[in-house]
Amino acid sequence: MPSLLEIPPELVEQIISDLAEGEPPSRKLIYEQPSKSLLDHDYHPLKDLSCTCRILRRLCFTSLFSALKLNMEVGTGFLEFIKSSQLAGRVDSLVLYTTTGCLGNSSFLWPRMVEVVDRVNAPSMTIIFPPSLFTEILPYSLNLDHAWAFSIDYQVLHLEMAPNSVAPKTPEDVVKESNVFAMRPWTHCTYNEGSSVEAYSTYEYYLKDKPSLFCPSNSNQFVRTMQNSLDHITSLDLITVFPTNHLWSFGKFISFMKSLRHLRTQLAPTPSNNILDDPSSLGKCQTKDLWMEFESSYARLVDFVAGGGYDEFELGALDQFTILDYANAALRETIDGVVGNRLDEWERDRSGGRWTRRREDQKAISQ
């Protein structure tokens, strides 16, 4: 049997290309409950292939580092490797993560993050942090008063920009602003807040604020510091499982996205998530409360999208609204009942849970 190196070079390149196409866990599991599973990957055939010999290592090298994962608590010798290997601009996906272990000394987090993003210059960045550490990369403080009730270990913020986009400011200026949304001209945002189920076991759960980018501790500070920071974003995915009462704050946040065209939401666990079958996860929670909040949250969201629920917020540029939960056949009847005639003026794709603004509405908005 001939060895791999004896077959035509174009076939070797095709094999390497096929092995490199697998998505990293941070992308495949982004709609699941945020956990360390986002960082683990037991199956890495391209890496295994690159370890067989020097020739294959060289052939695999660029594809091998198309997706990079970096623990922010580790030193920056990694950056020297990026420079010496000429990988800057060749990385497609950058994953930055840390743990609660750096809570006592988190002042280094943002400057180091700016340096890494500037050196790597990847069009896609995924941040996996404990909720409290997002305060370190934002110009406003999060409302963490009730974080104890939710016990969320990690949240995920995923940002994308067009390839070869130019940073609008110097790294020095970006460090001063401490605003992850302003460091690059991001056009897409996915935010996975995690599950609120644990909070439903507490007294007056509906009055508790989930630790969230959408729940600033000071509304005036938020408005003052976020002006123009979200102007480039055209699409947003929000995953917040069984939210309690913070979607009003979400309306305020999203109103800053002047170019937003596509909004996708998920408010229930994916079918592969067994949280509702696990008594230890549910605690004293009543499942009827979960589904009551699920329905009322979607009612508020749909009113917001339709323009009737939040008079002070405008979503006139929105072209498309997708309810990701519609992929779960068991939830379709509930969602249909909630949406009702609220989006009658929009064209609907029942198979995908997607509503598209009709063209005559678009003309009316532009006039």
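The lining of the largest cavity is made up of five nonpolar, one polar and three charged residues. This cavity belongs to a predicted model, and about 50 Å³ of space lies inside the cavity.

**The cavity**
- The structure has one cavity of 30 Å³ or more.
- Its lining is formed by V114, D118, A167, K169, T170, P171, V174, M183 and R184.
- Two elements, α6 and α8 (171-177), each give two or more residues to that lining.

**Two helices side by side**
- Helix α6 also takes part in a helix pair: the axes of α5 (residues 77-84) and α6 (residues 109-120) come within 10 Å of each other and cross at roughly 10°.
- Angles under 35 degrees count as roughly parallel, so α5 and α6 are roughly parallel to each other.
- On the α5 side, the contact is made by F78, L79, E80 and I82, while α6 brings in E115, V116, R119 and V120.
- Sorted by class, this contact has five nonpolar and three charged residues, with no polar ones.

- Is T98 buried or exposed? T98 counts as buried, because its relative accessibility is 0% and buried means under 20%.
- Leaving aside residues up to four places away in sequence, T98 touches N71, M72, E73, L109, I128, F129, P130, L133 and Y154.

Conventions. Residues are numbered from 1 along each chain as its sequence is written. This is a predicted model: local features need pLDDT of at least 70, side-chain atom pairs count only at pLDDT 80 or more; totals for chains, interfaces and linings use all residues. Side-chain values use heavy atoms; hydrogens and water are left out. Axes are lines fitted to C-alpha atoms, for helices over the stretch in contact, and angles run from 0 to 180 degrees between N-to-C directions. Helices (H or I, at least four residues) and strands (E, at least two) are DSSP runs, numbered from the N terminus. Angles under 35 degrees count as roughly parallel, over 145 as roughly antiparallel, 65 to 115 as roughly perpendicular and the rest as oblique. Contact means heavy atoms within 4.5 Å. Ala, Val, Leu, Ile, Met, Phe, Trp, Tyr, Cys and Pro count as nonpolar, Asp, Glu, Lys and Arg as charged, and the others, Gly among them, as polar. Buried means under 20% relative accessible area, exposed over 50%, partly exposed in between (1.4 Å probe, protein chains only). On a 1 Å grid over the protein atoms alone, a cavity is a set of points where a 1.4 Å probe fits but cannot get out, and a pocket is an open set with protein on both sides within 12 Å along at least five of seven lines; lining residues have an atom within 4 Å of a point. Grid points are joined across faces, edges and corners, and a volume is the space filled by probe spheres set on the points.
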